[in-house]
Amino acid sequence: MSKNPVNSIVITELRKSYDRTAGSESTYAVDGVSFDVPKGQFVTLLGPSGCGKTTTLRCVAGLEQATGGRIEMGGQVMFDVPQKIHVRPEDRPIAMVPQSYGIWPHMTVLDNAAFPMRHGRNRRKGQDIRARALDMLDQVGLAPMADRWATQLSGGQQQRLAFARALLGDPEVLLLDEPLSNLDAKLRSKLRQELRSFQEQFGVTALYVTHDQAEALALSDIVIVMNHGHIEQIDHPERLYDHPRSSFVADFIGSANLLPVQDVSPLRDGDGVTAKTDVGPVVCGRSSADESQRPSSGGYVCVRPENVRIRTTTEGQEPKLGDAEFLATVDSSEFLGDRLELVVRAADIPITVSARAGLGCRPGDQVVVGFDANTTTYLAS
Ligand code: ADP
């Protein structure tokens, strides 16, 4: 009986070093990573190039042997260092969809789809194979092309075939390594929607790797943000954007203004803080750390460009400043059709502002800038 019946994968303290001689922490490509992949969910490993996403996925697949930690799938131990368990990739309940889809060019569409039933972990016999493959091809809209060569399919059709073939191996989890990265932007966005709707339709569990934050936010139920072999944050897409826990996550997911903080003091009511910055004291309604773990200095005030308030001033008149407002000078202004992208400067700190297109201001103009406490976050690191 599984200890974790609701989790398809449980990863505990996974470590991988490619360096066989050194054992220092800096040599770990994956350095103590723990996470769960709940059944039926779409979970994405997201982070910049070299942060350890592919290494983690390859350890899950068994294509790399980890240096330490434990991997369980469907309640069974696949890898454990003290117990000396390393289940071979072909014996793990997974199917991998690589970047290039891995379609066999010398086989028909039907034979490609049937491959895991003829050669995989859950081999079958007889007519059942053809009937099941045809049924799955029908569900992904490829039944009329069953007897064509796989190379005669378009990029999108090849992706559907790769997906159908993976599902026909009855995997506990589908592992996808940047499967859309070789496509142009328009096709990528179309296939992204298709991939998500197939995943929902078949209720399959997916572990996906990408460095593209838009792709991760659009596709995932849960995003795991990685940096330098560590996990920075595990959260739902909306929460990652609205409640980043570190300056790295805030900057990597969307764009963020990060103002260095000198001192922090708690608000009398609620969880927020007042943070002293070079533009003045800023009231932050949210804080990445609760009071017991909050430092008294350092960290950043984080405000998204669309949450910065801005108004123009009239030349020759002294502007009246409200609470949490300060003066800034426009550095640059870019018209983007539906909005203006401005960079303003206060106390030598550049602040990006997404403003309404009708706001009349040009480089060199003085403006009043304000932050609202309920959209401003204090980040301790
Ligand atoms: P990502 O998928 O996030 O781009 P990787 O997991 O591919 O990152 O790589 C993580 C780190 O491990 C990088 O520093 C990379 O250079 C290193 N690395 C990856 N594969 C190997 C390998 N086969 N041999 C040695 N170092 C590797």
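This is a predicted model: local features need pLDDT of at least 70, side-chain atom pairs count only at pLDDT 80 or more; totals for chains, interfaces and linings use all residues.
The chain comprises 381 residues, and 46% of them are buried.

The C-alpha atoms occupy a box of roughly 85 × 50 × 40 Å along the principal axes. The secondary structure consists of 8 helices and 22 strands. Among the contacts between residues at least 6 apart in sequence, 66% link residues that are at least 24 apart.

The pairing of two of the helices was examined further. A pair of packed helices is described by the angle and the distance between their axes. Helix α4 spans residues 155-167 and helix α5 spans residues 185-202; their axes come within 11 Å and cross at roughly 25°. Helix α4 is therefore roughly parallel to α5, since angles under 35 degrees are assigned to that class. The crossing of α4 past α5 is right-handed.

On the α4 side, the contact is formed by G156, Q159, R160, F163 and L167. These residues meet L191, E194, L195, F198, Q199 and F202 of α5. By residue class, the contact of α4 with α5 contains 6 nonpolar, 3 polar and 2 charged residues. Phenylalanine is present on both sides, as F163 in α4 and as F198 and F202 in α5.

Terms used: Residues are numbered from 1 along each chain as its sequence is written. Side-chain values use heavy atoms; hydrogens and water are left out. Axes are lines fitted to C-alpha atoms, for helices over the stretch in contact, and angles run from 0 to 180 degrees between N-to-C directions. Helices (H or I, at least four residues) and strands (E, at least two) are DSSP runs, numbered from the N terminus. Angles under 35 degrees count as roughly parallel, over 145 as roughly antiparallel, 65 to 115 as roughly perpendicular and the rest as oblique. A crossing is left-handed if the near helix is turned anticlockwise from the far one by less than a right angle, and right-handed if clockwise. Contact means heavy atoms within 4.5 Å. Ala, Val, Leu, Ile, Met, Phe, Trp, Tyr, Cys and Pro count as nonpolar, Asp, Glu, Lys and Arg as charged, and the others, Gly among them, as polar. Buried means under 20% relative accessible area, exposed over 50%, partly exposed in between (1.4 Å probe, protein chains only).
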